[in-house]
Amino acid sequence: MPTRLSVNGTDHQVDLPDDVPLLWVLRDEIGLTGTKFGCGVAACGACTVQIDGEAVRSCQIALADVWGDVTTIEGLGTPDTMAVIQQAWVENQVAQCGYCQSGQIMQAAALLAETPAPTDAEIDDAMQGNLCRCGTYPRIRAAIHMAAARLSEA
Amino acid sequence: MSRIGTVARRTFLIGSAAIVGGVAFGVYKLRQPAPNPLQPATGQTALNPFVLIDQQGVTLIAPRAEMGQGVHTTWAALLAEELDVDMASIRVLHGPAAKAYYNSAMVADALPGKGYDTGEFQHSVGEALGGIGKLVGLQVTGGSTSMKDGFVRMRETGAAARETLKQAAADLLGLKRAQLRTENGQVIAPDGQTIPYTDLAQAAAKIEPPEVTLRDARDWRYLGTSVPRVDMVGKSTGTAQFGIDIRLPGMKFAALRINPHLGGVMKGFDASAARSMPGVDRVVDLGNGIAVVASNTWLAQQAANAVQVTWGAAPYPPETDAIFERIEQAFDDSPNSVLRDDGDTASVPEGATTLRAEYKLPYLAHATMEPQNATALFTGDALEIWCGNQTPVFQRNTCAKLAGLKPDAVQVHTTLMGGGFGRRGELDFAAYATQVAMDMPGTPVQLTWSREEDMTHDFYRPGALARFSGAVQDGRAVMLDAQIAAQSATHQALGRWMGLPAAGPDKVLVDGAFNQPYDIPNYRVRGHVADLDLPVGFWRSVGASFNGFFHDTFIDEMAHAAGRDPLAFRLDLIRPVHAPSAGTLEAVRALSGWTGKTPEGVGRGVGFTYSFGTPVAQVIEVVDEDGTIRISRAWIACDMGLALDPGIIEAQMIGGMMYGLSAAAFGEITFAQGAVEQQNFPDYDAIRMHTAPITEVAILETNPHLGGAGEPGTPPAMPALGNALFDLTGIRARELPLANLFDLRI
């Protein structure tokens, strides 16, 4: 039986076994490739998306267990209409290879939604599950602080 | 830089050719004695940059692949600097514009009649790649060479294109070229009339590019400044397309399992259970493993894991200790190289203090964030491959051979890479994808490694051993004698890439040790090649990734044996030999406020390595927090001559250091029963947000030669961390990773 799924405000019907992880539904079925596969065991955060605003590792959420509306990096903003946090990522020139950055941004966006002005320690806590082999951490930190400041002005 | 310019003037020629609606420019290398740029021999090719100007603007086809190092951005800046176009208007293949490119030209050519857009631009690109493409030497991206390679050629291409467009305008207006100027993508006549390049492109194709003089650095607008990266918006919005993101109509998804005993055969397999699993299309015999094709990657992975396989043994000793015994045996053989042999290391000066040390470094995985993958479409008489890779020509040749096709029947589409670090110079991903695609002609298939397959089937940074002896006297080093033993990644890679036999002195094996700018009168470095059939490859900074640790740690040990401040000890020995190297030590001393003393509970270490033409000095600070040690701060000073883009260089320096710190702290690949033990990030971890030091970078510009940026930041990080831990604890680490020896924060 097809499963209904709301992704970035659009309803999808997918006909897949219940245990297929959300990550692969997004990437291989719906074609939203902005969410990345990194480890498959929730150890790198590359697959981070939000469900009802909560940052989750989509490689660990079975299709049948998706409990709310899914937001992926594509739903956060587009190249022409970037979210504040994406703009901060661009202004701080964060990405190197860029592969982990969708997950980093989704995690950071969830952090800012809950903690509008995070301290460095709070950033450490929230972001330590998101691995970056290029070592972009200092600029990620700077971008989060910049986005926090911008959002507080808004 | 003038010397480089002179050489370039003699060495390179700029050619142009007509394309539909415009003109293409390329640079080719003039070879002796019989230059024939149309048919360059493998390894000698050189038409690197490739610029298209047509009705839609300027497109740079960068022959160097973007794996995060920013090469597309700086190459675009080099072009824009002379061409007088707005940097942001240049489309760079594989950059943010690459998505459009793939969706159109490449894919359109790949899948005729599949409904893709086939506009004029796509045709011109296809034609250019097919015709002039013969000139394009899509060489290896690696060795921190892209700026050295592109610095002159890319600007000359821009200048030649500019002058050719001006000539076209001059012909049109009945004026002389010298009367015209250029700005923002247009030619401007003395009366203020402007003609966009796009309108001149077709006429320019009929004009031989004139000789050009490059602009003086004082007039540069882009170079020397931090420009917005061309790939940044795409990478911040999930729209940048990596190899794993390729989607083609009707595409299937595949997973694989290769013999975990690397190089071993597959004796047999039973796929009956796998074949009946959901979504499974087929199981493909790869010879030394299997691939499962399914309707999505995860279903393919599940089925691949359900295949019962009988594996053959590996051709190397099955346990880590036995592997290192074999490496150690290499010391008994005569050296493969003695690339430094100054003075007499056999006789120690009277009254000198001697010391000896042995070091051991593990095998390491690249662990790119994007697991290895490739997408292939085989149609019987042609093959197309999409993958992030550092070696397109070798990919093409390898896949052509596998498919029984001529190389020109194979098209390799290079995508953005989710990390390279040397791993994507290998050929396995494209080769296996080819094998799978050949089993299903007409259907595109994407083959993706699980993280576990990626981790356990790498071409590893070789494990390495070193024996150092030295002598200090009156506060200075008077003798240093080093022996290094490891497998030769160079020999293996050349064999895989070009079928060349393993032979000759391997300079890379001792890189970072034999070529350090120290004034030591008796100074010898010998390299010993270990004979082991275990897959090894190039890993960010290659030989310097182990020699940097060996050499600099021993220097640190000598400094302490001499009773000197370790930074001052290095500086005294380096200053007479190489001023830019000394400059980095002085800069990092100032930046870090180095005093040689640290408060209780704090340790600091300095590390220095000269590699890829760039000296880098780092100071790492560690803090004891209730028994757990945290890497708290870091300072980096580098000197690569011209800092073409300081923002990108800073990112590369920090990233290179983090990569080195990750390896030094946590990185270790070990073997049990012939297979790699580490499977995934939980047992092969890296520096993360909460373990990354706060870092400051100083970029110096005194080096008379243009050095690399991507790799030189990695080697000194490892000894600097070990030296800091010695400063904190008094325990000298002669093996890595340090987490085995110290209670590091994880």
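This is a predicted model: local features need pLDDT of at least 70, side-chain atom pairs count only at pLDDT 80 or more; totals for chains, interfaces and linings use all residues.
**Two chains, question by question**

Biologist: What percentage of the residues in chain B are buried?
Modeller: To call a residue buried, we need 20 or more other C-beta atoms within 10 Å of its own. Chain B has 746 residues, and the buried part of them is 61%.

Biologist: How many strands does chain B have?
Modeller: Let's take the two kinds of element in turn. Chain B has 19 helices. Its strands number 28.

Biologist: Four strands of chain B form an open sheet; which are its edge strands?
Modeller: The sheet has the order E23-E24-E25-E28, with mixed pairing. An edge strand pairs on one side only, and that picks out strand E23 (602-611) and strand E28 (694-700) of chain B.

Biologist: Which residue is the bridge partner of B:Val622?
Modeller: Strands E24 (residues 614-625) and E25 (residues 628-639) of chain B run antiparallel and are joined by 10 bridges. For B:Val622, we look across to E25(B), where the bridge partner is B:Ile631.

Biologist: At about what angle does helix H19 of chain B run to E23(B)?
Modeller: Helix H19 covers residues 717-729 of chain B and lies across E23, E24 and E25 of that chain. Its angle to E23(B) is about 155 degrees.

Biologist: Turning to chain A, what is its radius of gyration?
Modeller: Chain A has 6 helices and 5 strands, and from the N terminus on they run β-β-α-β-β-β-α-α-α-α-α. For 154 residues the globule rule gives 15 Å, and chain A comes close to that, so it is as compact as a globular protein of that length, with a radius of gyration of 15 Å.

Biologist: What percentage of the residues in chain A are buried?
Modeller: The C-alpha trace of chain A spans about 45 × 30 × 25 Å along its principal axes. Of the 154 residues in chain A, the buried share is 56%.

Biologist: Chain A is divided into two domains; which element gives the most to the side of domain 1 that touches domain 2?
Modeller: Domain 1 covers 3-75 and domain 2 covers 76-153, and their C-alpha centres lie 20 Å apart. Their contact takes 17 residues from domain 1 of chain A and 13 residues from domain 2 of chain A. On the domain 1 side, strand E3 (48-51), strand E4 (54-57) and helix H2 (73-76) each supply at least two residues. The element that gives the most, with 3 residues, is E3(A).

Biologist: How many nonpolar residues are on the side of chain A that touches chain B?
Modeller: The contact takes 49 residues from chain A and 50 residues from chain B. Several helices of chain A each supply at least two residues of that side, including H1 (22-30), H4 (101-114) and H6 (137-153). By class, the side of chain A that touches chain B has 5 charged and 17 polar residues, while its nonpolar residues number 27.

Note on methods. Residues are numbered from 1 along each chain as its sequence is written. Chains are lettered from A and ligands numbered from 1 in the order in which they are written. Domain bounds come from an automatic or database domain assignment. Two residues are in contact if their C-beta atoms, placed from the backbone, lie within 7 Å. Two strands pair if DSSP finds at least two bridges between them. Axes are lines fitted to C-alpha atoms, for helices over the stretch in contact, and angles run from 0 to 180 degrees between N-to-C directions. The radius of gyration is taken over C-alpha atoms; the globule rule is 2.2 Å times the number of residues to the power 0.38. A residue is buried if 20 or more other C-beta atoms lie within 10 Å of its own, exposed if 12 or fewer, and partly exposed in between; C-beta atoms are placed from the backbone. Ala, Val, Leu, Ile, Met, Phe, Trp, Tyr, Cys and Pro count as nonpolar, Asp, Glu, Lys and Arg as charged, and the others, Gly among them, as polar.
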